[in-house]
Amino acid sequence: MTSTVDSAEPVLEVRDLRKHFPIRSRGLIRRVIGAVKAVDGVSFSLGRGEVLGLVGESGCGKSTTGRAILHLQPATSGSVKFAGRELTKLNRAQMRPLRRQIQIVFQDPYASLSPRLPVFDIVAEPLIVHKLASGQALRTRVDELLSMVGLNPEHANRYPHEFSGGQRQRIGIARALALEPQVLVLDEPVSALDVSIQAGVINLLEDLRDRLGLSYLFIAHDLSVVRHIADRVAVMYLGKIVELASKDELFERPTHPYTQALLSAIPLPDPDRERQRQRILLHGDLPSPANPPSGCRFRTRCPKFANQLKPDEQDRCRSEEPALEVRGNHQSACHYAETLQII
Amino acid sequence: MQSIAQPTVEPDRPAGEPLLEVTDLEVKFPTEDGVVHAVRGVSYALYPGQTLGIVGESGSGKSVTSLAVMGLLPKSARVSGSVRFRGRELLGIRDRPMSAVRGKGIAMIFQDPMTSLNPVYRVGFQIVETLRRHDKGLSAKAAMARAVNLLNLVGIPNAEQRVNSFPHEFSGGMRQRVVIAIAMANQPDVIIADEPTTALDVTVQAQVLEVLKTAQAETGAATVLITHDLGVVAGMADRVLVMYAGRPVEVGAVDDIYYSPRMPYTLGLLGSLPRLDARERQRLTPIPGSPPSLLNLPPGCPFGPRCPLHIAECDAAEPSLSEVDTGHLAACIRSGDLSRAEVAAEDVFEATAVDDVAQADLLAGLADAVPDEPELMEELLAEAPGDQPAPAGETTEPVEPAGRADTAGEGK
């Protein structure tokens, strides 16, 4: 990576993306009485051939971000630009040709493939919808896609239930690659798989990136996987990005207290190091995204806020929301960002 | 931190006697397609104060083993072998005496706290129920006080009020704390925790594991920790049992398992794990293929078809679990080769992206089609035999060079 914070040649640019889900009152009128702010002002860019990891715990809005980018759930406000073209204002028909360029792979390989279609039809469907191939050309292309993801093309007439979880995820990847997209949104692509199977799919994703020059938005909760595959990493908390940095910067020198707590919570498969580690334990639960805390959203659980800051410094956390700003080599959304080595 | 009053004086237990002893446990489920042999001979002994980690992938039989110990399997299951708790046989006893053991002698923590708590009763009621079931003399008031005490102990804020909440009013992590409170309520001798943190986020997982350690310290219980997460086991367990296809394939002290595994499967599991603490990107080494069906296993080592060290003798008979070092057992006829060579996973397993072993040829063709630094590929191919550790070099069936060509073409 040349630049640590922003990529040189962005294919995808997301600016101040918001997705609010209305909360309605009960009864006949169902007035809107509030909103769950699932994504509340997220900005990042994705460079050509780059893997950006988007990590966070459940409910932080990482999957909603991915879906809003693809227009699967229209964004409330903000801008998503693909190759300089604004996506959020497009209607379905206008969006369709652009779907060739941005594809998604879902988490659950058991739910994302139609159980009633043989694998050939599943992988061929995007090609037929976009009228890209038919007849023998279609057959050749599907065979090619299946071998590309490490499946035997002879199995194309089988149904999804005849495949294991890892193989199904490969079918999902083949389907996403059918249209030769430039960007893949990978929404927890390996978290439903056993470790021994997961490794093969991760290797496959790395190979495809290198071979086809793809860009990935890699959404995951497993930071070990993200450290392995990503170039840059964005950490989300309660609908916002709290830290964004190149992979090594983020893992070696995290500056946001949430990133630090997250990294320290992950158990290492190394008994010696596990015995020596000190954990930063967070207290309390994730606040409701319908009613986030004032000022810094993390302050209710922040160990730094509770233990290290003086009362006047705490006031600033309560009243002023920290912006995601360049602090050192990181973008960090903490007034008192400070490097702390965790791993 | 308050401590719980010890309800009864524990009889002296000799340190050398195992609390829980499982011997040759087998579980079969008759299904329409035939008999599924889910557990095929599990033996372990759990000593006071010890934590035994049971690891394995889905379908390896680790959960069924613990359900069999607790007598919680459906009636259709055919269980054989022996489960002894404090020297007393538990298999085959009636439900009433078994109920006296459950919760009091052996307590269990399940994976999903939403389904293991009853949604229509307040959590306080559910804790009190457990307490009074095993201590008939306990008054309702005293039991409720204990319940509050327990909730405090597992770190639930405002326990006095929260004791009257329903499970749905708690978050996932808080619910799991309630489940742990119920498990430790009767000062059990053994706690079996079946994937206690799998449904939780990492920061919550860290909290719940701390609570579990508190529970161990408070009750002095020995623990069986069942998980697929090798990180969790590394931090919690004293001994580790690795399961594959319904059988233990390696048992040993936690350091032995992680630093000198003697079974290729364990080595493969460790090699396929992306590391949070890896400074450079290392290519992962997946285990090719998928676990065998437990419906009708072929003779020989069940890991054989996926094993890079596989030789003809592996198919002759299933290797038994035998001692390879003091207190370290492995079920592999080639475990000696693994120890001599001090191998790492990447020496044995291919860093491939292909799932199916039979696919190697096909992909080799594909790699050829992509002219991707042919000189690098040749270099790697020439180097490859030297890269192999001694045991892999000796195999009669080395991993197909085709697979290697593929890797070389793609590897960076």
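This is a predicted model: local features need pLDDT of at least 70, side-chain atom pairs count only at pLDDT 80 or more; totals for chains, interfaces and linings use all residues.
Reader: Okay, so at what angle do α3 and α4 of chain A cross?
Author: In chain A, the axes of helix α3, residues 119-129, and helix α4, residues 135-148, cross at roughly 115 degrees and come within 10 Å. Angles of 65 to 115 degrees count as roughly perpendicular, and α3(A) and α4(A) are therefore roughly perpendicular to each other. Their crossing is right-handed.

Reader: And which residues meet there?
Author: From α3(A) come A:F120, A:V123, A:A124 and A:L127, and they meet A:L138, A:R141, A:V142, A:L145 and A:L146 of α4(A). Sorted by class, this contact has eight nonpolar residues, one charged residue and no polar ones.

Reader: Stepping back, how many helices and strands does chain A have?
Author: There are 12 helices and 12 strands in chain A, and 49% of its 343 residues count as buried.

Reader: What about its radius of gyration?
Author: For chain A the value is 21 Å, which agrees with the radius near 20 Å that a compact globule of 343 residues would have. Along the principal axes, the C-alpha atoms of chain A fill a box of roughly 70 × 60 × 40 Å.

Reader: Now chain B, what is its secondary structure?
Author: Chain B comes to 17 helices and 12 strands, and of its 412 residues 50% count as buried.

Technical notes: Residues are numbered from 1 along each chain as its sequence is written. Chains are lettered from A and ligands numbered from 1 in the order in which they are written. Helices (H or I, at least four residues) and strands (E, at least two) are DSSP runs, numbered from the N terminus. A residue is buried if 20 or more other C-beta atoms lie within 10 Å of its own, exposed if 12 or fewer, and partly exposed in between; C-beta atoms are placed from the backbone. Axes are lines fitted to C-alpha atoms, for helices over the stretch in contact, and angles run from 0 to 180 degrees between N-to-C directions. Angles under 35 degrees count as roughly parallel, over 145 as roughly antiparallel, 65 to 115 as roughly perpendicular and the rest as oblique. A crossing is left-handed if the near helix is turned anticlockwise from the far one by less than a right angle, and right-handed if clockwise. Two residues are in contact if their C-beta atoms, placed from the backbone, lie within 7 Å. Ala, Val, Leu, Ile, Met, Phe, Trp, Tyr, Cys and Pro count as nonpolar, Asp, Glu, Lys and Arg as charged, and the others, Gly among them, as polar. The radius of gyration is taken over C-alpha atoms; the globule rule is 2.2 Å times the number of residues to the power 0.38.
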